[in-house]
Amino acid sequence: MTTPSMAAGGDPRRLLAHVRHLTRRVRVAQRVTWLPLLVLAVVTFAAIPIHRYGTQVYGCKAIAEEADLHGEVCHVRNVAATVYWPVALTVSYVAIAYGYLRAARTRGLGGRVVPYVVTGIALTVLSTAVVLLVVHEGWGLPEPPNRPDGLTLFLFRVIDVGSAIGVALLVLAWLERHLALLLFTAGYLAVVLVPVDGGWGAHRGNWGFLPPLVIQGGVLLLGGLGFALAQRPWRHR
């Protein structure tokens, strides 16, 4: 009868190296990294019309003359976006889980995507709840017509769904022991937390939300296409 140690020539170090090599090959074969990135990119781009046409302005009041400003201060809300993000992301995570598990069954391997999916849904719910509390209770928001300072805007980006997507991807990178995905996610979070819009948001009115969504969706799309090319079957033959 042939034992693993005999197959490895009786050398424990060679046996350990062989086991590590097989473990790495299984991890690589389990990866469908492109799938969540492309799905999340579609969800991000699909949010553009929701943010544009779902915004409601109400309760406008003229600014007091002693403030040495002119115009009106209005309340703005977007119920459609508040509903869209948790629903769309939950459906997306379920679809991602299905895709991962189907790929795993096709390859005769196990799947490790469930913790990522659970984390993603939990972070989405938490992000939505915190944003609703901040908006409705006014936590950390200055009195109109004052604008939020830089720190407040940064904290808003921390609790936004874009950051929730990034943190969940960090979990996926850890599950897959995927250094490339870890580096990609770090770059994505940098884009989310330090957005560059060229001043668009200050002058484009109802379209001020557009640059962050386009940039974030574009990063996810390019990342998904890149990983899809890198993980083509022929590269592992």
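Modeller: Let's start with Val117, which is buried at a relative accessible area of 9%; buried means under 20%, exposed over 50% and partly exposed in between, using a 1.4 Å probe and protein chains only. Keep in mind that this is a predicted model, where local features need pLDDT of at least 70, side-chain atom pairs count only at pLDDT 80 or more, and totals for chains, interfaces and linings use all residues. Residues are numbered from 1 along each chain as its sequence is written, and side-chain values use heavy atoms, with hydrogens and water left out.

Colleague: Which residues is Val117 in contact with, leaving aside neighbours within four places in sequence?
Modeller: Tyr93 and Ala97, where contact means heavy atoms within 4.5 Å.

Colleague: New topic: which residues of H8 are buried?
Modeller: Leu181, Phe184, Thr185, Tyr188, Leu189 and Val192. They cover an arc of only 140 degrees around the axis, so they sit on the same side of H8; the arc is taken from the directions from the helix axis to the C-beta atoms.

Colleague: And what's exposed on the other side of H8?
Modeller: Leu179 and Leu183.

Colleague: What covers the buried residues of H8?
Modeller: The cover includes helices H3 (34–53), H6 (150–158), H7 (161–176) and H10 (210–230).

Colleague: At what angle do the axes of H7 and H8 cross?
Modeller: Roughly 170 degrees, and the axes come within 9 Å. That makes H7 roughly antiparallel to H8, a label for angles over 145 degrees.

How values were computed
Helices (H or I, at least four residues) and strands (E, at least two) are DSSP runs, numbered from the N terminus. Axes are lines fitted to C-alpha atoms, for helices over the stretch in contact, and angles run from 0 to 180 degrees between N-to-C directions. Angles under 35 degrees count as roughly parallel, over 145 as roughly antiparallel, 65 to 115 as roughly perpendicular and the rest as oblique.
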